[in-house]
2 protein chains.
Amino acid sequence: MRTPQELSTAFRAIGLKVTPQRQVLFSLLHQNDGHPSAEAIHLAASAAMPGISLRTVYQTLNDLVSMGELQQLQLTPGSARFDPNTSDHHHLVCDGCGDVRDVYVSGLADVDVRGLDGFRVDATDVVFRGSCPTCTSATGDPSAPHA
Amino acid sequence: MRTPQELSTAFRAIGLKVTPQRQVLFSLLHQNDGHPSAEAIHLAASAAMPGISLRTVYQTLNDLVSMGELQQLQLTPGSARFDPNTSDHHHLVCDGCGDVRDVYVSGLADVDVRGLDGFRVDATDVVFRGSCPTCTSATGDPSAPHA
DNA sequence: ACCGTATTCGCAACGATTGTTGGTTCGCAA
DNA sequence: TTGCGAACCAACAATCGTTGCGAATACGGT
């Protein structure tokens, strides 16, 4: 995620205004390395600016997404998650607790894909699903050391 | 997707009953190689059995998903899609028209993944996003031959 | 400082999905 | 064949995540 200053400049450059609410969100996202939902962001923003509306949070998140400054993830049914990490990475989802982590994948260009059939590929998203260490031990996975 | 007969047997085996409504759904899904939404399945089912309720469609789809006979996809915000193709494959999504296709990927095991960090991976989903041939030519892609 | 216009907020509405309830049907094991 | 219980439908209401609307407000180029 770019700095609040850079985001402010980018907003003004396309005719969007930099309000205190947006500054709060810029700051929160800049220092966020997780994958928060809109609700979670609203909660955090409310701490810094009581009364900020969920509507405004959605509005600004959508702006950031369409500017390409923020990635929107739909990894599970239910609420979308937002990813401030704009570097080239992929995701790891725990089926147990729903936690999401970033992973870095190399060698993707070497995989063989059949069925593209004239399709133009702009982006490739890889999602690994499984169980995080905490959930793995909690569910008594036989391949894991038990407590 | 397994045959309606196999699905019927599988349902009975876990104490679920094989009703005419379910048989219609089994048949529809068996011969479906697309990625229909629940709504689309309900529409098709209504043609074969007028009056079948959307509620029943959801119920049976959920049963099939939890039995592992059907895959539920959440490729975009909005409605879920269901994939009767249970073979090992991945997906291609057109950002233009929303169309979804199956693709087959080999060599995935050779990619290098950093950040797994004790995570147990059960499944890997790859989603290629881009533009289908129809949308590519319609949007005037400079790299495509124009009309 | 001014003014145009974007932004804000609260509330209503939306689409997708699930819960409920009550009455009826019907699969299927014994 | 009979009986139990599951499944069906209808008709809602409710939930969740998200967006549309409209009046009041405030950013920011000049």
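**Exercise 1. Find which element supplies the largest share of the surface near DNA strand C.**

Solution. Helix 4 of chain A does, with 4 residues. Helices here are DSSP runs of H or I, at least four residues, numbered from the N terminus. A residue is near a strand if its C-beta atom, placed from the backbone, lies within 6 Å of it.

Before we go on: this is a predicted model, in which local features need pLDDT of at least 70, side-chain atom pairs count only at pLDDT 80 or more, and totals for chains, interfaces and linings use all residues. Residues are numbered from 1 along each chain as its sequence is written, while chains are lettered from A and ligands numbered from 1 in the order in which they are written.

**Exercise 2. Describe the surroundings of DNA strand D.**

Solution. Start with the count: 25 residues surround DNA strand D, and A:Val18, A:Ser79, A:Ala80, B:Ser53 and B:Thr56 are the closest. Next come the elements: at least two residues each are supplied by helix 3 (38-48) and helix 4 (54-67) of chain A and by helix 2 (20-30) and helix 4 (54-67) of chain B.

**Exercise 3. Work out how chain B relates to chain A.**

Solution. First, superpose the copies by least squares on the C-alpha atoms of residues with pLDDT of at least 70 in both. Finally, locate the axis: B:Val126 comes closest to it among the residues of chain B, at 2.2 Å (C-alpha).
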